[in-house]
Structure formats: C-alpha cells, structure tokens
Amino acid sequence: MLIKTKSNILNSEVTDRAVFESRREFIKAATILSAGVMLPISGHAETGKNIGPYSAKLHVTDREDVTSYTNYYEFSSNKKDSTILARALKTKPWSVEVAGEVEKSGVYNLEDILKDNPVQERIYRFRCVEAWSMVVPWLGFPLGEMLQRFKPTSKAKFVEFTTLYNPEIMIGQRSNGLDWPYVEGLRMDEAMHPLTIMATGMYGDELPNQNGAPLRLIVPWKYGFKSIKAIVKIRFMENMPGTAWHKSAPDEYGFYANVNPEVAHPRWSQSHERVLGSSIFTPKRNTEKFNGYGEEVAALYSDMDLKKYF
Amino acid sequence: MLTGKKGWAGLKIIVFLLSLMPFLLLVNDAINDQLGANPVEALHFGFGDWALRFLCIGLALTPIKTITGQRWPIRFRRMMGLFAFFYASLHLLVFIGLDLSFSWEAFKDEVPKSPYILMGLLTFLLLIPLAVTSTKKMQKRLGRSWLKLHRLVYVAGLTALVHYFWLVKLDYTEPLIYAAVIGALLGIRIAVYCRKSGKLFEP
C-alpha cells in the first residue's frame, strides 16, 4: 500500500520543536536552495497581531483541521456533524451573567466586556482527553484580569462556567447524556493564572460557532473538555462546582483534568497523542505533563497527589 | 433469478467487487488526503465499521434462508464472512501499523490499559480459525465439528459489540443499532432452535 500525502515538507516536522524553532534558518535555506519548495502558510506562528506572552513558537495546525474536527456534544457527538449543526447558533447579541461570591454581579453585554479586555494572540497546544492534539492561535484575553474587574469576594474559591442552554438549536441537549447545561469550573488560582484565557477568536478572526463562539475558556494545561464553549454564566463559589463530564463519569474525568501522560484514562493510555493534520505515517507525539506548561503551572499542584486528583 | 453455474459465478463477482468498494474508497481518500483532520482514526474506524457490517450481513444469510425458504443466501455466506475477516484485519493493521507505528513499546503501553482493545483482539482471535477453516476442503474434513466450530461467529458478534460499547464515551446510538441487528439475528436462531427442540417432545 503506497500512500503519499500532500504537503510532507513541514507536516513531518509538526511535533519537532527543535526543527521548528530554527525555522527561520530553515525557511531561508529552503528559499535560497530551492525556489520550487512550497511552504504551507500554516507554518508561520506569527500572524502580526498583538502577540501575548507564552505564545510558544509551535507549528500551528491548519485552520481547516481545527474547524472540521470538534467535540461539541450540545449539537452532536459526531465531530463532523457538530461543525455543521453549530452554524444554526446565533451569537449576537450575547450577554454573560456574573453571579455568586462577587461584588459586581449582574448581566454584562459581551461588547462591553470586550471593551475592557483588549484581545491578544496566544498560540497554545490543545490536548483532548481522547488523545489527539492541535496547536491553535487563539485571540483572547487573560481570564484573571477580567474576573478581577468583577471584584470577587474573599469567599470566592472556585469559578463555575455555564454554556448556553437552548435545546431548540443545540439539538444534542434534547437527549440525555450529559447533565445539561454543560458546566465547567476552575479553582481560583487556576482561573487567575496568566496562561488561562477567555477566547473570542482564532486565526486572526472571530471564533467559528463550532469552536465555541462567541466566548470560550482556554486552559492549555488541561484536557480540552475543561475549555468550555459558548459561556453565558460565570459564578464565583466557595465550594467546588460539579462539572459536566465529572458528574457523568467521576472515575474517568476528574475536576482537575490536568494533562498527564503518567495517569491513564481508565479505558485508554494518555502517554501519546495524535497530532491533527499529520500524515497517516506520522507516529504519535509523546504527551507532555501539563501539556508542556509545567514550568508555568506545576507549582499550583505542588502539594497534590496528581494520581488521586486527576 | 439467475440460474446455472455461469449466472451464479457472475453474480458472485459482482458481490465481491461491491464488497471491495469500501476498501477502495477509503484507500482512495487516504491517497488524496481526503480523510480529514485525523486520517488514521478515519481509516481505523472506517475498517472497523465495515468489519461489523459484514459480520451482520454474514449472520443475516441463514435467517433469510429460514424465512424465505430460498437456498441462495447460503452461497454468499463464506464470502461475507471472509470480507468481515478482511476488514477486521485491516482495522487491526491500521491500529498496529499506523496508530502504534509498529512499536512494541507503544503496544505494551496502550493495550493492557484498554479493556476495549483487549476485547477487539479477542474478537479477531475468534475470527482466525473461522477464516482458516472456511474452505470447502476443511469443511469436508471437519464434518460435523465444522458446524460446531463456526458457531464461534456468534461469540465474535457479541465480543465485537462489547468492544464497540466499551470504547464509546457517551453516545451509544451506533453500537445500539448494531446490538439491535445482531440481537435480532441471534434471536431468530434461538427461536428456530426452540421450535425444533420443542417438537421433539411432542407426542
């Protein structure tokens, strides 16, 4: 069986950081040496936007792959179907309710939130609990800075996020499965961490509906299901919120859900990941602890047994 | 209905080519990079789906014969069974070769942690003796025990279902459809068996 792939020039180096970090030399050499070499546009990390910190120089996944392979159970458990069904969602106007242990509770228009929180680009790895991964240039702002503006009280130990509940459009919510609406949560220090962002766009443009428009969470060191989509409510809480996948299968999905190759899911290994967009002969990538963000976030969990608090 | 040896041979060739189509389409998509963001998964699931479908088709032939009284479905039983084995082999080959990149280390890491993979391997092991003894020669040589041996396909149908159920995260719609089909096909056999054995006690 002989199978060739289209752009094998950089695709074969998707996971190779060392090669990619020296890409300027590589590009220069490639340009000089062979005028015929076609470089995929996605090979460039920078898009010329306001680039925030932590934007590791990673090989960005093709936009086409990121927008056509999405887990969005509110619409369908099928990754292709959900991308099409999500088109029906209207994301304007949009408001977010702020509640719980907070001084400035109330309902905020998304436009007003965006006025206070200028977006910057963050290129992050994204690792799904299903053992696939991608690299996405998100547009967003630090969640912590946004939350501070609402003035959480001293009782606020956790933040809970809720997705829109609208079974007429989100037809996946008509069937039981998860306890709708989808709820996720973070410990306050996780929410305040500068790596954690609220995303409103990607690839220099607005978020497509299937990727969580108009407002979603991105916590790059945790499995993707923590990064809740289409957020309509933020609640500050004293106790740990009950989160959707954790409630559905507590032995399989923990509250913390930190990416960890050493702790297997009860039904599959988490030590490797399939990088989206890589050719069929590309081996899987070794999963990194905290998805490669250990330097920044490992201290948050220094006194915790990560096997117990998975 | 077609009659004569030539007619049946022609029909068999058509069915053979049709059964090969899913394989050709998937390989064509792979060559042309049309398998989406996760092509290994698309191939892996695609071959797995077709293995299960051919298993269902193979299991449906005897009940069709029972219900219609026609003998022709039995002529295709071996081919359908072998196609189930063919797609199951490709499903396993994609897993070992493309997903694990033929790495023994990866195999040792992944397989023991996954009950559903173990169940899939068991299903494949059950299908091997059936494929090996599928020839007319073996059928004659084994005689009555050939029939007994090939009842393993019922077990394989059930372990394939368990394999599917165990890998699903939340939405059981698809494995439930296969469970309904296989359940019905095995159910008909049980009903027929009960009726036959019931007659033994009639005065």
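K151(A) sits in the loop between α7 (143-149) and β5 of chain A; helices (H or I, at least four residues) and strands (E, at least two) are DSSP runs, numbered from the N terminus. K151(A) is not a glycine, yet its phi is positive, about 55°. Its relative accessibility is 43%, so K151(A) counts as partly exposed. Buried means under 20% relative accessible area, exposed over 50%, and partly exposed in between (1.4 Å probe, protein chains only).

This is a predicted model, in which local features need pLDDT of at least 70 and side-chain atom pairs count only at pLDDT 80 or more, while totals for chains, interfaces and linings use all residues. Residues are numbered from 1 along each chain as its sequence is written, chains are lettered from A and ligands numbered from 1 in the order in which they are written, and side-chain values use heavy atoms, with hydrogens and water left out.

**Chain A**

Chain A has 10 helices and 12 strands. It has 310 residues, and 55% of them count as buried. Take the contacts in chain A with a separation of 6 or more: 69% join residues 24 or more positions apart. Contact here means heavy atoms within 4.5 Å.

Y203(A) is another non-glycine residue with a positive phi, about 50°. Its place is the loop between β7 (197-202) and β8. Y203(A) counts as buried because its relative accessible area is 19%.

Chain A also has cis peptide bonds. One runs from W180(A) to P181(A), with omega near -5°. P181(A) lies in the loop between β5 (158-163) and β6 (183-187). Another joins A213(A) and P214(A), with omega about 0°. P214(A) is in the loop between β8 (205-206) and β9 (216-218).

**Chain B**

Chain B has 10 helices and zero strands. Of its 203 residues, 42% count as buried. Residues 24 or more positions apart make up 63% of the contacts in chain B with a separation of 6 or more.

The buried residues of α1(B) include W8(B), L20(B), P22(B), F23(B) and L26(B). The buried set packs against α2, α3 (72-75) and α4 (77-99) of chain B.

G58(B) is in helix α2 of chain B. It counts as buried because its relative accessibility is 13%. Leaving out residues up to four places away in sequence, G58(B) touches R77(B) and M80(B). A84(B) is 26 residues from G58(B) in sequence, and their C-alpha atoms are 8.0 Å apart.

A37(B) lies in the loop between α1 (4-31) and α2 of chain B. Its relative accessibility is 3%, so A37(B) counts as buried. Its contacts reach chain A: with residues up to four places away in sequence left out, A37(B) touches D65(A), Y69(A), L276(A) and G277(A).

**Cavities and pockets**

On a 1 Å grid over the protein atoms alone, a cavity is a set of points where a 1.4 Å probe fits but cannot get out, and a pocket is an open set with protein on both sides within 12 Å along at least five of seven lines; lining residues have an atom within 4 Å of a point. Grid points are joined across faces, edges and corners, and a volume is the space filled by probe spheres set on the points.

The whole structure holds five cavities of 30 Å³ or more. The largest cavity has a volume of about 320 Å³. It is lined by 23 residues, with N71(A), Y72(A), G224(A), F225(A) and K229(A) closest to its centre.

The second largest pocket has a volume of about 1600 Å³. Its lining has 44 residues; T62(B), R77(B), W146(B), L147(B) and Y154(B) lie nearest its centre.
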